Amino acid sequence: MSIPNNLKPILARIDRIKHSNSLYNSLISVRDENVLKERTTNYFQKNKIVPYLCSIKDNIVTTEEATTCGSKILENYVSPFQATVVSILEGSNKGSQKDSQNFTKSIVIGKSNLDQFGMGSGTTNSIFEPTTNPLYKNQAHITGGSSGGAASIVTDDVCDYSIGTDTGGSIRLPAHYCGIIGFKPSYGRISRWGVIAYAQSFDTVGILSKDIKIIEDIYEQLNQYDPKDPTSLSNNLRKRIEEITKKRDEKLSIGLIQETNVEGISEEVSRSFNEAIEALFNINHTIRPVSLPSIKNSLPVYYTLALAEASSNLARYDGVRYGFHSKSSEASHGSDSSQKKDEFGPFSETRSEGFGKEVQKRILLGTYNLSSDSFKNNYLKANMVRKSLINQFNSVFKVPNVLSSTEEESKEQLRENKANNNKIDVLMFPVSTSTAPTLEDFLRKDSESSLNSYIDDVLTVPASLAGLPTIVVPWKSAANQMPIGIQVVGQFGDDQQVLEMGQLLLAINASQAAASESN
Amino acid sequence: MLLRPISRCFIRYNSTNVASVGKPFKSLEEIKKFLAAPSWNPKDFVLSDKTVGDASSEEKLVTTDELKYLLRLSNLKLPQDEQDQQSLLNELNNQIKFVNSLHSLPTSSLVGCGGDLSSISEQIRLSSSSRILDNNPVPLNFDELMSSISSISNSVDAEKGEVSSSWGPMELTSNPLNDHQYVVVEKP
């Protein structure tokens with residue numbers, strides 16, 4: 001039987017999966033090629049639509065293969081249930097609030113590589129070895145993390161999109177380093193049921209792709225209330241957000257934040273960012289300076305709160321009910337080892353062998369932050385600074401935050417803000433101070449001190465602390481070798497505005513590129 | 001406090017902690033000038049190993065015994081090698097100095113955190129409202145509560161991976177882990 005022309009490109013991409021993976025190590029597990037082709041062909045024959053090819057980050061559970069989180073402690077763990085996002089995308093979610101017939105289904109090709117449990121900014125902390133960046137052919141560069149595998153399989157044109165997670169920048173940094181689009185919606189928009197928790201008050205499912213229309217389509221499918229996720233945004237709040245965001249001005253007010261203007265931003269990043277702002281200014285959008293002082297404290301706040309949550313979340317991994325169980329923990333029973341039996345707890349052997357070094361360091365710091373004096377001085381204080389930052393964001397955006405105000409208060413604030421005309425629609429700033437470093441440089445700095453990679457998160461963590469919707473779009477400049485990610489942040493719930501801003505930037509950049517080519 | 005590096009004081013203290021939106025930029029030159037003037041350096045947070053254990057530092061650092069205590073709480077082992085132990089301790093102390101930079105931030109400067117912040121209960125109350133959740137949930141009335149309870153399914157939910165009779169807590173007693181380890185359950 002001859003293959004329909006529409007199907008040939010997608011089948012060719014399926015043929016390329018193994019080769020791409022051998023080059024960049026994007027995927028931890030890959031589904032059988034023949035099964036993928038069969039599913040693709042069956043879907044096309046039934047619906048006359050070519051499905052999407054996608055990958056799922058390996059901290060999101062699936063039933064067809066192991067979910068490892070890149071860690072030995074879950075190396076052979078197969079989940080008995082499917083994450084809500086996977087069920088929706090595969091068209092098998094019975095409780096879905098949206099009719100799956102209206103959407104293009106996705107074929108999952110496999111699970112993408114990540115830093116263990118999402119802890120890292122390079123996708124170098126996986127037991128399955130680092131993932132490398134397809135944008136760089138001559139020397140190995142990092143993809144960024146922790147959703148590095150998700151980004152690289154898209155950059156190499158195998159998948160239409162990938163599903164990742166973003167806790168402190170793990171979608172946005174890989175999107176920037178790999179030159180693709182990364183979208184982190186508002187916290188609570190997309191279900192976390194089946195997402196293995198790192199820090200549950202920060203973890204957000206996000207989408208990576210080269211095509212913003214695909215991101216919009218996938219977001220539309222996933223943006224629904226899930227009763228299984230207690231942090232899922234309620235239907236009532238979703239309706240309220242729709243109400244207050246429906247009427248928008250054509251010309252936007254865009255904020256440039258003083259505190260994201262940090263030292264050490266490379267010339268390439270600075271050049272691209274300036275070009276993007278200049279282009280927006282030239283088409284008569286208003287550009288305003290903004291100050292959000294609490295941003296300077298975002299990094300210590302994030303590393304206090306996220307690691308405290310991680311320490312608690314990872315306490316469940318003891319090797320008793322599932323996952324890796326250390327044989328040496330049995331051997332030490334009655335042994336003459338210099339460490340007394342169980343001196344560090346009955347599961348310490350399993351956990352020390354099962355978790356990577358970076359995971360152990362973060363658990364330790366998280367435990368410290370929750371213990372006695374530190375709880376008062378560190379954890380509670382960090383929460384208050386987080387609240388202060390959220391309040392500061394709320395005070396600069398035109399759209400009120402539905403979480404912080406009642407329905408009447410929101411409407412009143414919106415009226416006031418529109419009348420005064422001194423607030424902003426979106427904020428813009430770079431994603432990182434540089435382009436993707438070489439793998440060698442990154443590993444060297446990381447071995448000197450973990451703090452070196454913590455600093456990489458300085459421009460992504462603020463939006464995570466406040467749960468704000470954020471998009472990173474690649475800006476191509478004639479003067480730069482690599483595309484540079486431009487970050488757009490909106491008010492909580494104002495995801496549509498952020499997506500539209502992303503579309504606008506891409507359109508401007510494309511028309512500039514077309515104009516310079518014709519010259 | 002005078003012994004602390006000046007750059008860290010700059011990071012910690014901000015004379016006004018109030019957000020602001022300025023007047024629109026009138027020209028590209030104004031924008032370029034704004035973007036060309038960085039306001040701070042995040043690398044000031046990163047301390048070299050030399051600062052750890054510095055006798056002049058006023059920071060309360062973690063000792064080896066305290067490290068062991070934290071490892072016990074975390075159910076993680078102390079590395080066997082002494083050099084690895086010292087390296088772990090130094091790394092932890094560097095991270096602690098990093099997060100401890102919040103100590104010097106005056107709570108009175110925190111926007112929207114009114115109330116008696118010296119009280120722990122007030123701090124705990126405020127910390128719950130820093131979550132990204134609805135701060136004004138509508139409480140359930142009695143009828144709604146009873147209706148919610150009755151709608152909870154008693155049957156297993158295959159979508160959640162629940163399988164009927166899949167785990168019997170007493171079954172473990174008949175399945176020893178190996179020759180010399182087994183689970184003991186005392187019957188009342």
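This note goes through the salt bridges, the helix packing and some individual residues of a predicted model.

1. Basis of the values. Residues are numbered from 1 along each chain as its sequence is written, chains are lettered from A and ligands numbered from 1 in the order in which they are written, and side-chain values use heavy atoms, with hydrogens and water left out.

2. Salt bridges overall. Over all chains, a search of the whole structure finds 27 salt bridges, a salt bridge being a side-chain nitrogen of Lys or Arg within 4 Å of a carboxyl oxygen of Asp or Glu. Side chains of opposite charge can pair when their charged atoms come close. One of the pairs is D166(A) with R172(A), whose closest N and O atoms are 3.0 Å apart. Both D166(A) and R172(A) are buried, where buried means under 20% relative accessible area, exposed over 50% and partly exposed in between, with a 1.4 Å probe and protein chains only.

3. A pair between separate parts of chain A. R189(A) and D495(A) form a salt bridge with an N to O distance of 3.1 Å. Helices (H or I, at least four residues) and strands (E, at least two) are DSSP runs, numbered from the N terminus. R189(A) and D495(A) are both buried.

4. A pair between two loops. In another salt bridge, the side chains of D425(A) and R248(A) meet at 3.3 Å, N to O. The two residues are 177 residues apart and link distant parts of the chain, with D425(A) in the loop between α14 (407-420) and β9 (426-430) of chain A and R248(A) in the loop between α7 (235-245) and β7 (253-257) of chain A. With a relative accessible area of 4%, D425(A) is buried, whereas R248(A) is partly exposed, with a relative accessible area of 26%. Elsewhere, R31(A), R39(A), E64(A), E65(A) and E90(A) are joined into one network by salt bridges that share partners.

5. The loop residue E250(A). The loop between α7 and β7 of chain A also holds E250(A), which is exposed, with a relative accessible area of 71%. From C-alpha to C-alpha, E250(A) and H285(A) are 8.8 Å apart in space, and they are 35 residues apart in sequence.

6. One side of helix α15(A). In helix α15 (residues 439-448) of chain A, the residues L439(A), F442(A) and D446(A) are buried. They cover an arc of only 65° around the axis, so they sit on the same side of α15(A), the arc being that of the directions from the helix axis to the C-beta atoms. An α-helix has 3.6 residues a turn, so residues three or four places apart point the same way. The exposed residues E440(A) and S447(A) are carried by the face of α15(A) turned away from its buried side, and what covers the buried residues includes α16 (451-454) of chain A.

7. Helix packing in chain B. Chain B has six helices and one strand, and from the N terminus on its elements run α-β-α-α-α-α-α. Helix α3 (residues 64-74) and helix α4 (residues 82-99) of chain B have axes that come within 11 Å and cross at roughly 85°; axes are lines fitted to C-alpha atoms, for helices over the stretch in contact, and angles run from 0 to 180 degrees between N-to-C directions. The contact (heavy atoms within 4.5 Å) is made by T64(B), L67(B) and L70(B) of α3(B) and by Q85(B), L88(B), L89(B) and L92(B) of α4(B).

8. A residue of chain A in contact with chain B. N274(A) is in helix α8 (residues 267-282) of chain A and counts as buried at 19% relative accessibility. Its neighbours within four places in sequence left aside, N274(A) is in contact with K32(B) and L35(B).

Notes
This is a predicted model: local features need pLDDT of at least 70, side-chain atom pairs count only at pLDDT 80 or more; totals for chains, interfaces and linings use all residues.
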